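Here is a set of questions and answers on one protein model and its ligand. Look at the sequence and the structure before reading on.

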Amino acid sequence: MTSADQDGVFHIGGDLPVHRMGFGAMQLTGPGVWGPPLDPDNARAVLRRAVERGVDFIDTADVYGPGDNERLIREALSPYSPGLVIATKGGLLRSGPATRENPGMSMNGTEAHIRAAVEGSLRDLGVERIDLYQLHRVDPATPIEETMSVFRTLRDEGKIRHVGLSQVSVEEIERARAVVEIATVQNIYNLAVRNYADVLVHCEANGIAFIPFWPLHIESVAGSEVLARIAREADASPRQVALAWLLQTSPATILIPGTASVAHLEENLAACEVVLTDRHMRDLWALGGRRET
Ligand SMILES: NC(=O)c1ccc[n+]([C@@H]2O[C@H](COP(=O)([O-])OP(=O)(O)OC[C@H]3O[C@@H](n4cnc5c(N)ncnc54)[C@H](OP(=O)(O)O)[C@@H]3O)[C@@H](O)[C@H]2O)c1
């Protein structure tokens, strides 16, 4: 059973309603997800337009910048409109701009780091409580139970409202849920990459929102005849079809496509209007998926 309803609203953790087409803010950072965006005015305009168009779920992370992305959201959108949910993440660090050869990432799920990260995000976002706080990556050196007990304490202290996970298996979700309620899971998943299909099914069955990241990274199927035909039949662009497929594939999905372009934002939001038939859904599923973790 899920908390989604007919209007495309999902109740995160059962009590925090958001429309299922949200926005991912990571693109609004400097090259390699490092530093401020090259065009801050444009970045602020994208965020403001998203909210103007009814987006009420924005995903960010302390590591985007680090700090710059959360501060940009604050500059552009605070005072926040009622009902706007900002989700952020902690537990991941970067030593410099990410490149394909060197993502430069390390994990830290210790109490000292997570506490400091939450304080940093509260300050940078300018909020008294974080609506949804996600563990960005499980720290291989810290048992997930230990990290989750820190999240539970922070929730009980009123610093975070709901707890989410990112890039986790069903087994890790269950280990985490034994310690604290898990409201969301954010894993890579799209038309071309399906290796977390079991996690999606598990989330849907347990009332957990599944937030597929990289919804538009569909390069390996982007040129396919099947996708081109369905896009023509649905009167949509291939990217809109990719987003509509994610929306229609489960009532538990919340989408966070990212862009630094107002025109692309408008195109992505319009994917909510795209209706795919059962046959389209079957054909898109049959496109298969390259495995990637
Ligand atoms: N949990 C995690 O570990 C994790 C990892 C990665 C991302 N994320 C989250 O997922 C969100 C989305 O990820 P993402 O932004 O990397 O990937 P994405 O949403 O799949 O794709 C973004 C890319 O697609 C382009 N794009 C967007 N809309 C387009 C359109 N209508 N037409 C043509 N190109 C378009 C963007 O370029 P333009 O700017 O030119 O539009 C950008 O290069 C992030 O913001 C972040 O919140 C989470």
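Ala, Val, Leu, Ile, Met, Phe, Trp, Tyr, Cys and Pro count as nonpolar, Asp, Glu, Lys and Arg as charged, and the others, Gly among them, as polar. The model is predicted, so local features need pLDDT of at least 70 and side-chain atom pairs count only at pLDDT 80 or more, while totals for chains, interfaces and linings use all residues. Residues are numbered from 1 along each chain as its sequence is written, and side-chain values use heavy atoms, with hydrogens and water left out.

Q: How many charged residues does the shell around the ligand have?
A: The shell is sorted by class. Ten of its residues are nonpolar and ten are polar, and the charged ones number five.

Q: Which helix gives the most residues to the shell around the ligand?
A: Helices are DSSP runs of H or I with at least four residues, strands are runs of E with at least two, and both are numbered from the N terminus. The helix at residues 262-269 gives three residues to the shell, the most of any, and this is helix α10.

Q: Which residue has a polar side-chain atom 2.8 Å from an oxygen atom of the ligand?
A: A polar contact is a pair of N or O atoms within 3.5 Å; within protein, one must be able to donate a hydrogen and the other to accept it, and residues adjacent in sequence count only if both atoms are side-chain atoms. A polar backbone atom of Met26 is 3.0 Å from a ligand oxygen, and a side-chain N or O atom of Trp214 is 3.1 Å from one. The side-chain atom at 2.8 Å belongs to Arg137.

Q: Is Thr29 buried or exposed?
A: Thr29 is in the loop between β3 (23-24) and α1 (40-52), and its side chain makes a polar contact of 3.0 Å with the side chain of Asn69. Buried means under 20% relative accessible area, exposed over 50%, and partly exposed in between (1.4 Å probe, protein chains only). Because its relative accessibility is 8%, Thr29 counts as buried.

Q: Is Asp235 buried or exposed?
A: Asp235 is in the loop between α8 (225-233) and α9 (238-249). Its phi is positive, about 55°, although it is not a glycine. Its relative accessible area is 71%, so Asp235 is exposed.

Q: What is the omega of the cis peptide bond that joins Gly65 and Pro66?
A: Pro66 lies in the loop between β4 (57-59) and α2 (68-77). The bond from Gly65 to Pro66 is cis, with an omega of about -5°.
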